[in-house]
Amino acid sequence: MSDIDLSGRGAIVTGSTSGIGLGIAHQLARAGANVMLNGFGDAGEIENIRAGMVSDYGVTVGYSGADMSHGAAARGLITDAQAAIGDVDILVNNAGIQHVAPIDEFPPEKWEMIIAINLVSSFHTINAALAGMKARNFGRIVNIASAHGLVASPYKSAYVAAKHGLVGLTKTVALEVAETGITCNAICPGFVQTPLVDGQIDDQAKVNNMSREEVIRDIVLASQPSKRFVEAGHIADTVLFLCGPAGASFTGASLSIDGGWTAR
Ligand code: NAD
C-alpha cells in the first residue's frame with residue numbers, strides 16, 4: 001500500500017486495457033483514485049478488469065471504448081469520465097501504437113494513425129480537461145512518451161515524430177500552467193515487455209530469421225545498456241509519485257526510465 005493518498009481524485013488513463021496503461025490504472029486506483037479506463041479489447045475481459053478494481057480497491061471505476069484516433073472521441077472521453085467518476089484531476093495520456101517500416105515504404109495511413117493516437121489525442125484530452133483543472137487549481141497531466149521522444153531509431157519515423165512531438169507538447173503545456181497547481185510531465189520509458197513490444201519481437205524474428213531470444217538480446221535490448229526490460233510497475237510507481245505531494249515541483253520534465261538508453 002502506497003503512502004500517497006489519492007482518495008477523492010479522479011483519473012483518466014487512456015489505453016489502459018493492456019500493458020503500461022493497465023499498470024498505471026491499477027496503481028492509481030490502489031492509491032484511492034477513481035479511475036476511468038479506456039482502450040480496446042474483449043468486452044468480458046475489460047469488465048472483469050473493471051469490476052476487479054472496484055472490489056480490490058473500493059473505488060469507482062468506469063470504462064470507455066473511445067477511439068483516440070478521433071479527436072471528437074478523445075474530447076468525449078473527458079465528459080464521459082466526468083459523468084462516470086467525477087472531476088478529472090489526473091490525466092494520463094498513454095494510448096499508443098507502433099508500426100515499423102522504412103520511410104519510403106511507410107504506409108501513409110499508418111503514419112496518420114500513429115500521429116493521431118500517439119500525439120494528437122493528447123492535445124484533445126488536455127484541451128478538454130484543462131478548464132476543470134484550472135477551476136480547481138489542481139491537475140496532474142502525465143504523457144507517456146518514450147526514449148523515442150528523445151532519440152531516434154531507424155524505421156520508426158511516425159512513432160519517433162509523434163513521441164518527440166509529445167515531449168514538445170508537454171513542455172508547452174507545463175509553461176502555460178506553470179503558475180497554477182497543475183503540472184504536466186512526460187515519462188520516457190525504454191523497452192517494456194508488453195503486447196506492443198511482443199508484436200515487434202515477432203515481426204523482427206520473421207524478417208531476420210532469428211529466434212525471439214536472439215531478437216530480444218541482439219536487437220531490442222541492444223540499445224538498452226541494462227540489458228533488462230523496464231518493468232511496467234516502475235512506470236506506474238513514477239506516475240503515482242508525480243501525482244503525490246513531491247510531484248508538485250516537477251513540471252515540463254521528461255523523465256527517462258530506460259535502463260540507461262539515453263545516457264549514451
Ligand atoms: P499495449 O499495446 O500493451 O497497450 C496499448 C493500449 O492502448 C491498449 O489498451 C490499447 O487498447 C490502447 N489503444 C490502442 N489504440 C487505441 C485507440 N485508437 N484508442 C484508444 N486506445 C487505444 O502497449 P504498451 O506497451 O503498454 O504502450 C503504452 C504506451 O507506452 C504507448 O504510448 C507506447 O508508445 C508507450 N511506450 C511503450 C514502450 C514499451 O516498450 N512497451 C516503451 C516506451 C513507450
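This is a predicted model: local features need pLDDT of at least 70, side-chain atom pairs count only at pLDDT 80 or more; totals for chains, interfaces and linings use all residues.
Let me begin with the residues themselves. There are 31 residues around the ligand, and those that come nearest are Ser-18, Asn-94, Tyr-159, Val-192 and Thr-194. Sorted by class, this shell holds 16 nonpolar residues, 13 polar residues and two charged residues.

Where in the chain does the shell come from? At least three of its residues are drawn from each of two domains: domain 1, which spans 10-190 + 231-257, and domain 2, which spans 191-229. Three helices each supply at least two residues of the shell, namely helix 1 (19-30), helix 5 (157-176) and helix 6 (195-208). Of these, which helix gives the most to the shell? That is helix 6, with three residues.

I turn now to individual atoms. One oxygen atom of the ligand is 2.7 Å from an N or O atom in the side chain of Thr-17. A nitrogen atom of the ligand, in turn, is 2.9 Å from an N or O atom in the side chain of Asp-67. As for cover, the ligand on its own has 830 Å² of accessible area, and the protein covers 93% of it.

Finally, the space that the ligand takes is the largest pocket.

How values were computed:
Residues are numbered from 1 along each chain as its sequence is written. Side-chain values use heavy atoms; hydrogens and water are left out. A residue is near a molecule or strand if one of its heavy atoms lies within 4 Å of it. A polar contact is a pair of N or O atoms within 3.5 Å; within protein, one must be able to donate a hydrogen and the other to accept it, and residues adjacent in sequence count only if both atoms are side-chain atoms. Accessible areas come from the Shrake-Rupley method with a 1.4 Å probe; for residues, only the protein chains shown count as cover. On a 1 Å grid over the protein atoms alone, a cavity is a set of points where a 1.4 Å probe fits but cannot get out, and a pocket is an open set with protein on both sides within 12 Å along at least five of seven lines; lining residues have an atom within 4 Å of a point. A molecule sits in a cavity or pocket if more than half of its atoms lie within 2 Å of its grid points. Helices (H or I, at least four residues) and strands (E, at least two) are DSSP runs, numbered from the N terminus. Ala, Val, Leu, Ile, Met, Phe, Trp, Tyr, Cys and Pro count as nonpolar, Asp, Glu, Lys and Arg as charged, and the others, Gly among them, as polar. Domain bounds come from an automatic or database domain assignment.
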